[in-house]
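Please keep the sequence and the model in view while reading.

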Amino acid sequence: MKKLLYSITASALVVLAVFLGFWSWWQENMAPVNPDDHKLVVVNIKKGMSPETIARILKEKELIKSETAFLLYLRYHSLNLKLQAGTYAFTKSMTTPEIVKTVVEGKSLTFKITIPEGYNVAKIAKLMASFGFNEKKVLALAKNPPYDYPYLKEIPDNVQYKLEGYLFPATYEISYTDTEEKIIGRMLKKFNSIVEEENLIKEAQKRGFTLHQLLTLASLIELEAKKAAERPLISGVIYNRLRKGMLLELCPTVEYALGRHKLRLSAEDLKIESPYNTYKYRGLPPGPIANPGLSSIKAALNPAKHDYLFYVARPDGYHAFAKTYQEHLQNVKKYLP
């Protein structure tokens with residue numbers, strides 16, 4: 001009897017020792033790798049990654065102490081299938097449960113992309129590509145947009161990109177898990193809010209323009225005016241030339257047709273066969289050549305009243321305006337090398 005009692009006691013002690021040992025091991029491996037290290041460590045968890053792969057990555061980056069403990073925690077809490085893809089920022093001061101919670105909730109690392117005023121679709125696509133997004137996908141979305149805004153259906157077919165001019169320049173908070181379609185959609189949503197807040201469709205109609213034509217005019221102003229104060233002045237020149245049936249002769253339209261910026265356009269460049277070439281075709285080009293900011297849009301709606309028909313850039317970034325061609329030639333001689 002005594003032997004049986006001793007045997008049971010011994011077994012109980014072994015079980016207790018094993019339990020205490022496991023508990024100690026568990027607590028140790030749930031704790032932070034380094035409670036005092038708060039430096040951000042970026043981890044990219046791709047769609048379809050197994051819990052085992054995620055555990056290995058976290059261990060390699062010294063964010064968890066044990067892959068086994070990480071996987072046991074997932075199984076115990078039935079979280080194996082709830083881990084979300086994304087790019088996350090962790091620290092070595094985080095506990096294993098905190099890391100798991102972040103991934104389960106999908107609190108992906110976000111960053112900001114600033115679209116400058118005057119960027120065209122091609123530049124926006126390259127900018128997004130620098131953050132790891134697909135440049136060709138962005139261009140394809142801009143050419144054939146799958147978004148449901150009424151005014152997008154009114155864009156003529158002969159434009160290079162249907163969304164040119166409609167991707168509002170601003171700073172956007174982006175997640176690495178966002179798709180190109182979602183990001184472009186966010187830019188359009190911002191643009192739509194501007195359309196509604198500023199009542200742009202009706203304001204354009206007051207000037208005899210469609211929204212598309214207004215944006216086209218605003219994009220010309222955006223690229224021509226280097227100084228904010230000159231936007232209404234340049235807008236006035238464009239209005240005056242349109243009213244007289246003159247060629248607009250704006251270099252940025254030729255550059256858009258060429259697909260690249262040039263410090264100085266050649267005589268051959270000015271002859272390029274393109275509906276965007278305002279040295280060859282009268283009136284506005286078929287669509288915007290960049291994405292204008294609100295100031296340029298307002299300048300397109302509110303041109304300065306004057307008799308200027310010409311302008312030439314000065315070295316200080318401003319322009320010299322002229323009413324006659326003779327005055328313009330004098331300014332060209334004075335300011336252009």
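The model described here is predicted. The points below concern a pair of helices, a pair of strands and one serine.

**Helices α3 and α4**

- Helix α3 spans residues 67-76 and helix α4 spans residues 96-104; the two pack with their axes 11 Å apart, at an angle of about 60°.
- The helices α3 and α4 are therefore oblique to each other.
- The crossing in which α3 passes α4 is right-handed.
- On the α3 side, F70, Y73 and L74 take part in the contact, and they meet T96, P97 and V100 of α4.
- Sorted by class, this contact of α3 with α4 comprises 5 nonpolar residues and 1 polar residue, with no charged residues.

**Strands β1 and β2**

- Strand β1, residues 41-45, has a covered face formed by V41, V43 and I45, whereas V42 and N44 make up its uncovered face.
- Strand β2, residues 86-90, pairs with β1 in the antiparallel sense, over 5 bridges.
- Within this pairing, F90 of β2 is the residue opposite V41.

**Residue S235**

- S235 lies in helix α10, which covers residues 231-244.
- The relative accessible area of S235 is 0%, so this residue is buried.
- Leaving aside residues up to four places away in sequence, S235 touches I221, A299, A300 and P303.

Conventions. Residues numbered from 1 in each chain as written. Predicted model: local features only at pLDDT ≥ 70, side-chain atom pairs only at ≥ 80, totals over all residues. Heavy atoms only, no water. Buried < 20%, exposed > 50% of the residue type's maximum accessible area, 1.4 Å probe, protein only. Helix = DSSP H or I, 4+ residues; strand = E, 2+ residues; numbered from the N terminus. Pairing = 2+ DSSP bridges. Axes fitted to C-alpha atoms, helices over the stretch in contact; angles between N-to-C directions. Parallel < 35°, antiparallel > 145°, perpendicular 65-115°, else oblique. Left-handed = near helix turned anticlockwise from the far one by under 90°. Contact = heavy atoms within 4.5 Å. Nonpolar A, V, L, I, M, F, W, Y, C, P; charged D, E, K, R; others polar.
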